[in-house]
Amino acid sequence: MTAIDPTAHLTAEQIEELGRELDAIRDEVIAGRGEKDAAYIRKVISAQRKLELVSRGVLLFSFFPPAWLLGTAGLSVAKIMDNMEIGHNILHGQWDWMRDPKIHSTTWEWDHVSPSDQWKHSHNELHHTYTNVIGKDNDLGYGIMRVDEDQKWHPFHLGQPLWNFINACFFEYGIAAYDLELGKNLHKRRRKNPEFRARAKAVGRKIRKQVLKDYVIHPLLSGPSFLTTLAATFTANLVRNIWSHSVIMCGHFPEGVQVFERRSIKGETRGQWYLRQMMGSANISGSKAMHFMTGNLSHQIEHHLFPDLPSNRYAEVAVKVRALFEKYELEYVTGPLPKQVFSAWHKVFRLSLPNKNPKVKTPDREQELVAA
Amino acid sequence: MTSAALRSRAWKLLEMVTTPLLPSDYLDLVSPLRAGADLRGRIEAVHPETGDAATIVIRPGRGWRGHTAGQYVRIGVDVDGVRLWRAYSITSPTNRQDGRVMITVKAIPDGKVSNHLVRRAKPGTLIQLDQPAGDFVLPQAKPAKVLYLTAGSGITPVMGMLRDIEFDDVVMVHCAPRPQDVIFRNELHDLVADKKLRLTEVHTDTDGMLDIARLDELVPDWAERETWACGPAGLLDAAEKHWTEHGIQERLHTERFRPSIVVAGDGGEVTFSSTGKTVDADGATPLLDIGEEAGVLMPSGCRMGICFGCITPLKAGAVRDLRTGKITEAEPGVLIQTCVSAAAGPCDIER
Ligand code: FES
């Protein structure tokens, strides 16, 4: 919805051809999935569990500062692994093909206050289907921020750098509220809706368990290290939240990423859908360790094209996808983490103020948003 | 407080420590065969039997309840990263001192699991196990005379019986293409040498298929014997007919290995078994649409194969992935994405 459409040079046939080429990439990976991939995810899961166990063990002695540091660092990494490379990807069904009921999108539960099934609905269904469509994809600013010129400005948005910072610190709670569509559902009439109440209850239960574990049981088990363990788990959750928030912001918010109108997706073909995913996502460049710690969401573009391919394959897929971007003369938005984080934050700040150039606003789009 | 109640309290506390995982998720890392774990086994050895058959020695987990001679066990093996379940007869006797169990597997052409087990399985591999099952077993009271009528890998459950209990008068008629294809041949011949078994081998490559009428000549007193028969459907059908014609069908016990063969076609009758609806489906319409049109409450999300919001158990039959053309056949635990799958022959969807 930027003033100039960066895909305008493509003909309808080219877009469909692009779609077929992407399908071919997908088919190739699917045909090649096997033992090595299965061994990979099992290894990651077992490493995560061991790291968490050891870190929690070390924290029993966290009154001793080096132990605190070590345990907190380990627990932070373990929590990041649980959420990113393991949880996010399993819940996408990336590993369902293994038919292992223990590593399956229908049975997995993660170390997060949003219950898996609610997250799957808002993330896998809404966000991934309607990526960057204003009014349909709530990930676009999470309903609390304005992240595109075409969204209407409201004085409330002046505070959005602050909201965004608070959201980063308590990201998992933000996600839980978001999965519940809290803003919309807190209206008097909707609050009573039994379906909403059941979901809210489930979130309450999950929060209780998580809080009890991190802030009561484990500190208590640490005895004399009660307070330091409490501080350690709080820190680990904070680190994990800020990290995942940063990675996720880099996926769709940096400059250069496109957003779309509701109208534009009516009767969308497979090729057009692919194209929207390509233009609506952004990558993070970096080392293997960096890709791992982001749960391979550093390959956000590839993830959006093929959300159900195993994450360990995105790196090889990226080479081919990038070649397609070049072939079709499209911009592959990518950059190192600090640059992308800065770019995303810059946008948050910039759009907290009304548009400098009011001509971008089009009245019918306004209406559409209101209707949404 | 009783010790059981104490233990359950302690377990509850442990669950609070490990939430959202379970304590067992951590215990499995170190002790997958412990009591209380999901039943698993570890492959300890693989012994070749013939060119295309091998015996797998398995150490079962602590929860293994033991088997009765003639029973089978379902095992879940990861082949190319995909967990596949198959049933195999147990060939070890019930009183093995070391508690190990054995299955003997014959590689069938294109058989994913059987070829994997015979040719690629390595000692040390963990597999999933079910408790033994099946009623193709010997009775409590020993029959005076026994006939075992087997063909190919149909010998495996019978071998479990032969190794388990000695009878006074046992005859076996076994069919295999060539002498070297007879599984357990040396052991059978040892039994014959010890006068514990009378054996007739029918080599079908040279002798042709066994004509059931020849039993009169091979085992003149066959009708007086309690008979256990296992092998391909053709043989069992003929046996059942033969025994029925003589009015002694209660003396024949049969075991069929592959009860139903799925024929993947194009479209077919779809049963939604939870709702009890049945409709005809073509080979191109997603099962999600078929179900919705039939008024079945189908879960869904993106409707394009990316969100996994529509996955549903496939209980029987086969479906085709509309994107790749790949056929998926029903097996326990198989889930399909109904929005991108169409009927490939009759199938049963659990909705
Ligand atoms: S409805 Fe989304 S995968 Fe089937």
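How many residues does the contact take from chain B and from chain A? It takes 36 from chain B and 43 from chain A, where contact means heavy atoms within 4.5 Å.

This is a predicted model: local features need pLDDT of at least 70, side-chain atom pairs count only at pLDDT 80 or more, and totals for chains, interfaces and linings use all residues. Residues are numbered from 1 along each chain as its sequence is written, chains are lettered from A and ligands numbered from 1 in the order in which they are written, and side-chain values use heavy atoms, leaving out hydrogens and water.

**The interface.** Chain B and chain A bury about 3100 Å² between them, 59% of it on carbon and sulfur atoms. Buried area is the accessible area (1.4 Å probe) that two parts lose on being put together, summed over both. The rule finds 6 salt bridges across this interface. A salt bridge is a side-chain nitrogen of Lys or Arg within 4 Å of a carboxyl oxygen of Asp or Glu. One of the salt bridges joins Asp100(A) and Arg83(B) at 3.4 Å, N to O.

Strands (E, at least two residues) and helices (H or I, at least four) are DSSP runs, numbered from the N terminus. Strands pair if DSSP finds at least two bridges between them.

| Partner | Bridges | Direction |
|---|---|---|
| E8(B), residues 169–176 | 7 bridges | parallel |
| E10(B), residues 226–230 | 5 bridges | parallel |

Thr150(B) stands opposite His174(B) in E8(B). Tyr148(B) faces Trp228(B) in E10(B).
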